[in-house]
Amino acid sequence: MKRLISLLITVIIVFGVIFSLILFNNKSVNSNSNLNIVSTTGMINDIVINIAGDKAETISLMGSGVDPHLYKASESDVSKMENANIIFHNGLHLEGKMAEVFENMKKLGKTTVEVSEDIPENMLLEPDDGYGTHDPHIWFNVNLWIMASEKVYETLSDYDKKNSEYYKKNYENYIRSLNELNDYVIKKVKEVPEDKRVLITAHDAFNYFGNAYGFSVKGIQGISTSSEAGTKDIIELADYIAKNKIKAIFIESSIPKRNIQALQEAVKSRGFNVEIGGELFSDAMGDAGSFEGTYYGMVKHNVDTIVNALK
Ligand SMILES: [Zn+2]
């Protein structure tokens with residue numbers, strides 16, 4: 001009997017140890033488990049990847065070549081957002097067809113954050129075509145994108161306080177590289193004579209670029225791509241290009257080429273040849289895994305393409 005009791009006690013102790021080991025393990029898995037973060041555009045996801053590092057699984061809903069003005073959330077996007085800890089979007093009506101989805105996520109209690117939220121109003125540009133109150137294409141002024149990165153950093157360290165030092169270090173490294181990029185852009189645009197600094201593209205995505213780095217900017221379509229370009233827009237721009245002998249115009253990776261090609265033809269019929277200076281990444285980055293598939297690479301590619309075609 002005594003033997004049986006001591007055997008029972010041993011069994012209980014052994015099970016107790018195993019049970020507490022399992023509990024302890026689960027606990028350590030939980031405390032190391034990654035955050036789940038969904039971003040709308042690749043540019044925002046680039047910030048998140050760099051600041052969240054190995055503490056988060058990150059998803060970008062829109063890949064290369066996707067136009068955020070027209071993008072509608074699919075069922076699978078909605079379930080990705082429902083399963084996320086944090087949802088980041090650009091705001092300023094960039095994701096024009098997703099407003100209701102963001103409202104629903106907020107109602108579900110999801111941390112849903114506009115990365116443009118803390119940019120002072122006097123730094124935002126007002127569109128002249130009645131598209132919302134402000135131009136949403138803030139990522140083309142690298143200094144504004146640094147502010148967007150700060151918003152991501154603050155959100156992450158607020159949500160996950162125990163890793164805030166880690167996020168801080170990553171944030172500081174990231175903005176160091178963005179500051180370098182900003183210096184590069186400022187230096188590079190100087191290769192184009194001042195009177196040649198005119199940037200003509202498929203839609204008005206580059207006003208912040210023009211404003212920050214000294215280019216006059218014109219797009220065939222307005223701030224959004226949701227209304228079609230009219231013949232009048234093409235005629236006016238073609239007259240302008242022929243009159244001012246603009247060397248090159250640019251296609252955008254997230255917008256069909258046809259308007260830019262039509263513009264080139266219209267200029268030709270006025271007796272002047274304008275080149276297509278290359279493809280710019282306007283509202284979406286390049287393919288994942290490529291240099292242009294990073295924010296840094298996208299901006300560098302754009303400025304190099306613009307400068308080399310216009311100088
Ligand atoms: Zn756009």
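By the ring-pair criterion, under which the rings of Phe, Tyr and Trp (its six-membered ring) pair if their centres lie within 6.5 Å, the count comes to 10 aromatic pairs. One of them is formed by F209 and Y213, whose ring centres are 5.4 Å apart with planes at 55 degrees, so the pair is tilted; planes under 30 degrees apart count as stacked, those over 60 as edge-to-face and the rest as tilted. The model is a predicted one, in which local features need pLDDT of at least 70 and side-chain atom pairs count only at pLDDT 80 or more, whereas totals for chains, interfaces and linings use all residues. Residues are numbered from 1 along each chain as its sequence is written, and side-chain values use heavy atoms, with hydrogens and water left out.

F209 and Y213 both belong to helix α7 (residues 207-213), where they are four residues apart, about one turn of the helix; helices (H or I, at least four residues) and strands (E, at least two) are DSSP runs numbered from the N terminus. Both residues are buried, a term that stands for under 20% relative accessible area, with exposed meaning over 50% and partly exposed in between (1.4 Å probe, protein chains only). The rings of F209 and F215 are likewise tilted, because their planes stand at 45 degrees, with the centres 5.5 Å apart. The relative accessible area is 6% for F209, and F215, at 7%, also counts as buried. Ring pairs link these residues into a cluster that comprises W139, F140, W145, F206, F209, Y213, F215 and Y295.

The zinc ion is coordinated at 1.9 to 2.1 Å by NE2 of H69, H137 and H203 and by OD of D283, donors being N, O and S atoms within 2.8 Å of the metal (3.2 Å for Na, K and Ca); water is not among the atoms, so sites may look incomplete. The four donor atoms subtend angles of 94 to 123 degrees, which makes the arrangement tetrahedral, a label given to four donors if all angles lie between 85 and 135 degrees. Along the chain, the donors follow the spacing H-x67-H-x65-H-x79-D. H69 lies in the loop between β2 (56-60) and α3 (75-82) and D283 in the loop between β8 (275-280) and α10 (295-310), so the pair ties together parts that are 214 residues apart in sequence. Both H69 and D283 are buried.

H137 is placed in the loop between β4 (111-114) and α5, and is buried with a relative accessible area of 0%. Its side chain makes polar contacts (pairs of N or O atoms within 3.5 Å; within protein, one must be able to donate a hydrogen and the other to accept it, and residues adjacent in sequence count only if both atoms are side-chain atoms) with the side chains of D135, at 2.8 Å, and D283, at 3.4 Å.

At the start of α5, a side-chain oxygen of N141 reaches to within 3.0 Å of the backbone nitrogen of N143.

In the loop between β3 (86-89) and α4 (99-107), L92 has a positive phi of about 55 degrees although it is not a glycine. H93, found in the loop between β3 and α4, has a positive phi near 65 degrees. L92 is buried at 15% relative accessible area, whereas H93 is exposed at 51%.

Notes
Tetrahedral: all angles 85-135°; square planar, octahedral: opposite > 155°, others 65-115°.
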